[in-house]
Amino acid sequence: MPAKNMRYVVQVVCLFCICLFLSCNIKSDAMMQLSGIVEKQETDVKQDGQIKRVALTFDDGPHPTNTPKLLDGLKKRNVKATFFLIGENIAGCESIVARMSKEGHLIGNHTFHHVPLNCLNEEMACQEITKANDVIEQITKKPTEFIRPPFGAWSSKRSCPAELFPILWSIDPLDWKIQNTESVVQRVLSQVKDGSVILLHDIYETSVDAAFQIMDRLQAEGYEFVTADQLILD
């Protein structure tokens with residue numbers, strides 16, 4: 001590769017790494033505002049003796065083996081969950097996405113390549129969102145209305161043809177990092193309350209197993225599992 005091209009590649013990689021670091025370590029004003037929506041919902045959800053409600057959400061799928069296992073467990077427990085899908089992961093898993101939709105789970109956008117949107121210009125960011133939407137909607141035959149921006153990086157000022165409502169989270173057990181079922185379960189149960197939006201990743205078997213234990217424990221305590229939009233928009 002010519003030295004000029006090599007320098008360009010190095011510059012692009014360095015820029016992406018810097019953006020990734022900033023996305024993982026700095027909460028933008030927009031993200032803080034969206035987190036406030038979740039926190040407010042947690043405070044307000046239990047009124048007049050209503051049943052305690054929480055939302056299980058899963059990012060980065062679909063996975064060819066772990067996601068079907070998860071869907072089996074959700075069906076067995078009569079639980080509806082929310083899935084934020086990466087567009088490029090759908091290839092070869094179209095039937096899994098169709099099953100999600102058929103069984104009543106909420107499907108949202110997690111961009112096509114799982115990139116921090118605040119590191120892209122508006123045109124490229126909109127392409128990431130639109131391309132993922134197109135793949136999802138081709139399967140579900142339904143409009144995709146919600147997005148979980150990777151790393152929580154979102155700007156309310158962005159204007160794209162696909163206008164999606166962002167949904168963040170209030171409990172992040174870092175399941176992708178620790179990949180230990182018992183630790184994930186303990187972290188979630190120690191923080192859960194009315195209106196919690198729990199973040200997990202169904203690409204890890206440890207997270208799927210943790211989800212089963214979390215559902216069993218919280219259902220035994222009287223919690224009802226709902227899709228994320230029911231908590232955020234109600």
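Here a residue is called buried under 20% relative accessible area, exposed over 50%, and partly exposed in between. With that in hand, welcome to a tour of a predicted model, told as a set of close-up views.

**View 1. Q179 sits in a loop with a positive phi.** Q179 lies between two helices, α6 (175–178) and α7 (181–189), in the loop that joins them. Its relative accessibility is 41%, so Q179 counts as partly exposed. Look at the backbone here: Q179 has a positive phi of about 45° although it is not a glycine.

**View 2. F151 is another non-glycine residue with a positive phi.** For F151 the phi is about 65°. This residue is found in the loop between β4 and β5. F151 counts as partly exposed because its relative accessibility is 26%.

**View 3. Two phenylalanines, F58 and F83, stack on each other.** The model holds two aromatic pairs, and this view shows one of them, F58 with F83, at 5.4 Å centre to centre and with 25° between the planes. The partners come from distant parts of the chain, 25 residues apart: F58 belongs to strand β1 (residues 53–59) and F83 to strand β2 (residues 82–85). Both are buried: F58 has a relative accessible area of 1%, and F83 has a relative accessibility of 0%.

**View 4. F146 and F165 meet edge-to-face.** In this aromatic pair the ring centres are 6.3 Å apart and the planes make an angle of 80°. F146 lies in strand β4 (residues 146–147) and F165 in strand β5 (residues 165–166), so the pair ties together parts that are 19 residues apart in sequence. F146 is buried, at 6% relative accessibility, whereas F165 is partly exposed, at 29%.

View 5. Find helix α4 (residues 94–102), whose buried residues are I96, V97, M100 and S101. Seen down the helix axis, these buried residues fall within an arc of 140°, so they line one face of α4. An α-helix has 3.6 residues a turn, so residues three or four places apart point the same way. On the other side of α4, S95 and K102 are exposed. The buried residues are covered by parts that include α3 (66–77), β2, β3 (106–109) and α5 (122–140). Just after the helix comes G104, with a positive phi of about 90°.

**View 6. H110 is a buried loop residue with several contacts.** H110 lies in the loop between β3 and α5. At 2% relative accessibility, H110 counts as buried. Its side chain makes a polar contact of 3.3 Å with the side chain of H114. Leaving aside residues up to four places away in sequence, H110 touches D59, D60, F84, L85, I86, R148, P149 and P150.

**View 7. A lysine sits over a phenylalanine ring.** Here the charged end of K131 sits over the ring of F112, and its distance from the ring centre is 4.3 Å.

View 8. The bond to look for runs from G61 to P62, and it is cis, with omega near 0°. P62 is found in the loop between β1 and α3.

Methods
Residues numbered from 1 in each chain as written. Predicted model: local features only at pLDDT ≥ 70, side-chain atom pairs only at ≥ 80, totals over all residues. Heavy atoms only, no water. Phe/Tyr/Trp six-rings, centres within 6.5 Å; stacked < 30°, edge-to-face > 60°. Helix = DSSP H or I, 4+ residues; strand = E, 2+ residues; numbered from the N terminus. Buried < 20%, exposed > 50% of the residue type's maximum accessible area, 1.4 Å probe, protein only. Lys NZ or Arg CZ within 6 Å of the ring centre and 35° of its normal. Arc of directions from axis to C-beta. Contact = heavy atoms within 4.5 Å. Polar contact = N/O pair within 3.5 Å; in protein donor to acceptor, adjacent residues only side chain to side chain.
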